[in-house]
Amino acid sequence: MTHPLRNQAAVIGVGTTAYGNFPHTDEYGLAAEAFRNALADGGIAKHQIDGLVTCRIPSYVRMGEILGLDPAWSLTLPPHGRMSGIGIIEAALAIAAGQASTVALLYANIGRSRRVNYGGEESPNIWDPWGFTSPGAAHALMFRRHMELYGTTTRQLAEVSVAFRRHAGLTPGAVMRTPITIEDHETARFITEPLRLLDYCLINDGAVCLIVTKADRARDHAQPPVMVSGFGARDRFRSASIPNFDLEFWHDAVAEAGRQAREMAGVDRTDIDALMAYDNFSPTVLFSLEGLGFCPRGEAGRFVEGGTIGLGGALPMNTDGGHLSNSYMQGWALNVEAVRQLRGGNGARQVKDARVIQYVQATPCTRSIIYTRG
Amino acid sequence: MSYAKPLPKPDPLMAPFWDGARAGRLLVQTCRACNDAHFPPGPVCPACLSPDQEWKETAGPPTLQSWVRFHRAYWDGFRDDRPYPVCLVQLAEGPLLVSNLVGDAAGARLGAELRVVFDAVTPEVTLPKFALA
Ligand SMILES: [Zn+2]
């Protein structure tokens, strides 16, 4: 039996800003630009928007005022990296429930121009007296475990950074475009050992907008619709005091969210043409591959060797360069990239004949979304 | 010279932990109703939701679950210590703690037994740290 939520919502517009250092503007200015770009992209009139999701924007009501919106439905999300999957799924659910028909999702980040560094006094936690801080350090703890448990090496981890940097070089507007090698990775400075600078995401300003509508209206617009075909979720909060950390690499949560998404979408793992994985730090890419079952547990290091996850490989991942090299839009830009790949026409970075693309965020709020061509 | 690293923020729930550390004891919040041990402490037991909690000294040896070295200092007080070691410790009762690995770390491996070492960093604050057993 077809899942009742399969293909009930579609992405009909996407908009992004330039990515970089923009001290002259703020979240509202950037989000407004992304919103205008998404409306123009989809040939959508502003009055058609009756739902609003905001994330990492100081005031949702001010955002609505700036854009002249009185939505039928809205949702405000905190400025955490794991909110993009949540927002898109909630928008699809609101549409399926009839709470809204066309939802604009807005995300903005001004971390570069405001010198956000995601550690120390900026994000106090109970481990400060021992000097433990920052999400990257939590990923370093996880990657050390992965090395010890499975023999994974930093050279294998380098494959992730090298592949995504190559993709960024093919992506207009990507922040980091100069190609890197495994040796560059291995000689980059340590931040939290065993992780090095090239294992860490960028910090840059920018904004993203996606516009999602009811499937039966999706064909009335300028772009071919991209269907939200399936999604899944699983949260793990029981070790939340060690932020961004999971002793088991969120393995079972990712497996469960992936299974839900595949079943809803009616696709098999072998149908996935490309994978967009939340890559705040390179180890999560390995955790995502294992959780989703693209390789056996513990073997993601070997799996990524030799270009498997690069364009032209068996499973292209983060074809825009991801957070590591394109832009730190906390998952939102990866969902836009899934849409752009399914529309086609992306030149040298196009995944050939892409029909099914999966997004996953291996985080305390694990989410996965499967998009297909409409 | 005054101590320049971050100190624990005042927190009534954590007070018994810091009192214990100052007295050379590593304590963990434990449920009187179901015996679940948990850290950091909460107002109720995460297993059975009983508010009836006590602090017990940990029994068996803790084990090393991960370790890293910070080459970046997010506080000026850690600048001269770089690279400094941080470890993930599992108490015999199950809870995870983040701390510092002191002494020779050459024998570090997953699951290695540890012993607690008490570092009195100020007259009021003693930090439990860990060394390979
Ligand atoms: Zn209990």
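This is a predicted model: local features need pLDDT of at least 70, side-chain atom pairs count only at pLDDT 80 or more; totals for chains, interfaces and linings use all residues.

Trainee: At what angle do the axes of helix 4 and helix 8 of chain A cross?

Mentor: Find helix 4 at residues 135-150 of chain A and helix 8 at residues 283-292 of chain A. Their axes come within 10 Å and cross at roughly 55°.

Trainee: Is the crossing of helix 4 and helix 8 of chain A left-handed or right-handed?

Mentor: Helix 4 and helix 8 of chain A make a left-handed crossing.

Trainee: Which residues of helix 4 and helix 8 of chain A meet?

Mentor: Helix 4 of chain A brings A:His139, A:Met142, A:Phe143 and A:His146. Helix 8 of chain A brings A:Pro283, A:Thr284, A:Leu286, A:Phe287 and A:Glu290. By class, the residues of this contact are five nonpolar, three polar and one charged.

Trainee: How do helix 1 and helix 2 of chain A cross?

Mentor: Look at residues 27-42 for helix 1 of chain A and residues 60-67 for helix 2 of chain A. The axes come within 11 Å, and the crossing angle is roughly 50°. Helix 1 of chain A is therefore oblique to helix 2 of chain A. Their crossing is right-handed.

Trainee: What meets what between helix 1 and helix 2 of chain A?

Mentor: A:Tyr28, A:Ala31, A:Ala32 and A:Phe35 of helix 1 meet A:Arg62, A:Met63, A:Ile66 and A:Leu67 of helix 2. This contact has seven nonpolar residues, no polar ones and one charged.

Trainee: Now the pockets. How is empty space found?

Mentor: Roll a probe the size of a water molecule over the atoms, and the empty space that is left shows up. Here, the second largest pocket holds about 660 Å³ of space.

Trainee: How many residues line the second largest pocket?

Mentor: Its lining has 26 residues. Nearest the centre lie A:Arg238, A:Ser239, B:Phe39, B:Pro95 and B:Leu96. The lining divides into 13 nonpolar, seven polar and six charged residues.

Trainee: What should I look for in the backbone?

Mentor: Most peptide bonds are trans, and most residues other than glycine have a negative phi. Now look at A:Glu193 and A:Pro194, joined by a cis peptide bond with omega about 20°. A:Pro194 sits in the loop between strand 5 and strand 6 of chain A. In chain B, a cis bond joins B:Phe39 and B:Pro40, with omega about -5°. B:Pro40 is in the loop between strand 2 and strand 3 of chain B.

Trainee: What is phi of A:Asn318, and where is this residue?

Mentor: Phi of A:Asn318 is near 45°, a positive value in a residue other than glycine. A:Asn318 lies in the loop between helix 9 and helix 10 of chain A.

Note on methods. Residues are numbered from 1 along each chain as its sequence is written. Chains are lettered from A and ligands numbered from 1 in the order in which they are written. Side-chain values use heavy atoms; hydrogens and water are left out. Axes are lines fitted to C-alpha atoms, for helices over the stretch in contact, and angles run from 0 to 180 degrees between N-to-C directions. Helices (H or I, at least four residues) and strands (E, at least two) are DSSP runs, numbered from the N terminus. A crossing is left-handed if the near helix is turned anticlockwise from the far one by less than a right angle, and right-handed if clockwise. Contact means heavy atoms within 4.5 Å. Ala, Val, Leu, Ile, Met, Phe, Trp, Tyr, Cys and Pro count as nonpolar, Asp, Glu, Lys and Arg as charged, and the others, Gly among them, as polar. On a 1 Å grid over the protein atoms alone, a cavity is a set of points where a 1.4 Å probe fits but cannot get out, and a pocket is an open set with protein on both sides within 12 Å along at least five of seven lines; lining residues have an atom within 4 Å of a point. Grid points are joined across faces, edges and corners, and a volume is the space filled by probe spheres set on the points. Angles under 35 degrees count as roughly parallel, over 145 as roughly antiparallel, 65 to 115 as roughly perpendicular and the rest as oblique.
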